[in-house]
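Subject: Structure for your files

Hello,

Here is the structure I said I would send. My notes on what was found in it follow below.

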Amino acid sequence: MTDYLADVQKYDSGADEAVVNKIVRYLGIALRNKDSALVSASDPKELERVKEKWCEKKLGVGGADADTAIAAAAKAMADDRSKSRVTFYYLVAKNLGKLQAL
């Protein structure tokens, strides 16, 4: 099993382990497959799926706010070729100010 907390802490040194664990539980079975455990920030369909499933359904935020948060997470992780879905979702939630809502 990947150390999700350590990966998130590369981008947010004060990351809350409980919040990371909630994201891991939310993603569940998707994390078992290497392909679905990563986010392709260069794929518009992938980013639309993040917006719809994570931002709108789980966090209750849509539109330009969601797009801005997703773009900020993609920019923050730009140097990381393998973008962990857990870390990406964490950064999107953080950018939206929704970490405590998880």
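**The surroundings of K83**

Leaving out residues up to four places away in sequence, K83 touches A37, L38, V39, A41, A74, M77 and A78, where a contact means heavy atoms within 4.5 Å. This is a predicted model, in which local features need pLDDT of at least 70 and side-chain atom pairs count only at pLDDT 80 or more, while totals for chains, interfaces and linings use all residues. Residues are numbered from 1 along each chain as its sequence is written, and side-chain values use heavy atoms, with hydrogens and water left out.

K83 is found in strand 2 (residues 83-84). Helices (H or I, at least four residues) and strands (E, at least two) are DSSP runs, numbered from the N terminus. K83 is buried yet has no salt bridge, and D80, the nearest side chain of opposite charge, is 6.4 Å away. Buried means under 20% relative accessible area, exposed over 50%, and partly exposed in between, with a 1.4 Å probe and protein chains only. A salt bridge needs a side-chain nitrogen of Lys or Arg within 4 Å of a carboxyl oxygen of Asp or Glu. For charge, Lys and Arg count as positive and Asp and Glu as negative; His and the chain ends are not counted. What the K83 side chain does reach is the backbone oxygen of M77, at 3.5 Å. Such a polar contact is a pair of N or O atoms within 3.5 Å; within protein, one must be able to donate a hydrogen and the other to accept it, and residues adjacent in sequence count only if both atoms are side-chain atoms.

S84 also lies in strand 2 and is buried, with a relative accessible area of 11%. Its side chain reaches the backbone nitrogen of V86 at 3.3 Å. Leaving aside neighbours within four places in sequence, S84 is in contact with Y4, D7, A37, L38 and M77.

**Helix 2**

Which residues of helix 2 (residues 17-27) are buried? They are V19, V20, I23, V24 and L27. Seen down the axis of helix 2, these buried residues fall within an arc of 145 degrees, so they line one face of the helix; the arc is that of the directions from the helix axis to the C-beta atoms. Their cover includes helix 1 (4-9), helix 3 (44-58) and helix 5 (85-95). R25, in helix 2, is exposed, with a relative accessible area of 61%.

At the N-terminal end, D16 caps helix 2, with a side-chain oxygen 2.9 Å from the backbone nitrogen of A18. Just after helix 2, G28 has a positive phi of about 45 degrees.

**W54**

W54 lies in helix 3 and is buried, with a relative accessible area of 0%. Apart from neighbours within four places in sequence, its contacts are I23, Y26, R49, L59, Y89, V92, A93 and L102. A polar atom of the W54 side chain lies 3.2 Å from the backbone oxygen of Y89.

**The chain as a whole**

The chain has five helices and two strands, in the order α-α-β-α-α-β-α along the sequence. Buried residues make up 41% of its 102 residues.

Regards
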